[in-house]
Amino acid sequence: MMKKKLKKIPIDLVSYIQIETEAIKDFNDKQMISSYCLGKLETVNWYLELLETGSKKYIVPQSKQHLEMVRDQLMACHKQIMSVRIKNPADRPLIEIKYPKGYEG
């Protein structure tokens, strides 16, 4: 039986999630990045489980140490995502004008 080599967890995964977290504007954005983050966390946990059980079926392309680091970063990302507060659209002004610093009007 051939062992299946699993996909590497991308090196830019955590930074991608952090950037997307900063761009959250509404509940839909929050839901999508939260689901994406949790899905990746599930994959990382599965890879760790395969390493711990010494899977005969799969080759995990990254070390346990690296995967644990990514897992911890993803958990921190998810905490950050969940702490983002979405403003109620009804509470926002119709026109939001950003005045330059020092502008007196």
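Begin by selecting Lys-87. With a relative accessibility of 59%, this residue counts as exposed, because exposure here requires a value over 50%. Lys-87 belongs to the segment that comes after α3, the helix of residues 64-83. Please bear in mind throughout the tour that this is a predicted model.

**Helix α2**

Next, select residues 27-53, which make up helix α2. This helix has 27 residues, and the distance from its first C-alpha to its last is 39 Å, close to the 39 Å expected at 1.5 Å a residue.

What is found at the two ends of this helix? At the start of α2, display the side chain of Asp-26: one of its oxygens comes to within 3.2 Å of the backbone nitrogen of Asn-28. Past the other end, select Gly-54, which follows α2 and has a positive phi, near 65°.

Now colour the buried residues of α2, among them Ile-33, Cys-37, Leu-41, Val-44 and Leu-48. The buried set also includes Lys-30, Ser-34 and Tyr-47. An α-helix has 3.6 residues a turn, so residues three or four places apart point the same way. To see what covers the buried residues of α2, display α1 (13-22), β2 (58-59) and α3, which are included in that cover.

**The nonpolar core**

Which residues of the largest nonpolar core touch the most other members? Select Ile-9, Ile-17, Val-44, Leu-67 and Leu-74, which hold that position among the 21 residues of the core. Helices α1, α2 and α3 each contribute at least two residues to this core, and the largest share, seven residues, is supplied by α2. In soluble globular proteins, nonpolar side chains tend to be buried together.

Centre the view on Leu-74. Apart from neighbours within four places in sequence, Leu-74 is in contact with Leu-13, Val-14, Ile-17, Cys-37, Lys-40, Leu-41 and Val-44.

**The salt bridges**

Turn now to the charged side chains. Side chains of opposite charge can pair when their charged atoms come close. The count of salt bridges in this model comes to three.

For one of them, select Glu-52 and Lys-64, whose closest N and O atoms are 3.9 Å apart. Glu-52 is in helix α2 and Lys-64 in helix α3, so this pair ties together parts that are twelve residues apart in sequence. Are these two residues buried, partly exposed or exposed? Glu-52 counts as exposed, at 58% relative accessibility, whereas Lys-64 is partly exposed, with a relative accessible area of 39%.

Because they are four residues apart in helix α3, Glu-68 and Lys-64 are separated by about one helical turn. Glu-68 is partly exposed, at 26% relative accessibility. With Glu-52, Lys-64 and Glu-68 displayed together, a network of salt bridges linking these residues is in view.

Finally, select Arg-71 and Asp-72. This pair forms a salt bridge in which the closest N and O atoms are 3.4 Å apart. Arg-71 is partly exposed, with a relative accessible area of 24%, and Asp-72 is partly exposed as well, with a relative accessible area of 42%.

Technical notes:
Residues numbered from 1 in each chain as written. Predicted model: local features only at pLDDT ≥ 70, side-chain atom pairs only at ≥ 80, totals over all residues. Heavy atoms only, no water. Buried < 20%, exposed > 50% of the residue type's maximum accessible area, 1.4 Å probe, protein only. Expected span 1.5 Å × (residues − 1). Contact = heavy atoms within 4.5 Å. Polar contact = N/O pair within 3.5 Å; in protein donor to acceptor, adjacent residues only side chain to side chain. Core = buried A, V, L, I, M, F, W, Y, C linked by side-chain atoms within 4.5 Å. Salt bridge = Lys/Arg side-chain N within 4 Å of Asp/Glu carboxyl O.
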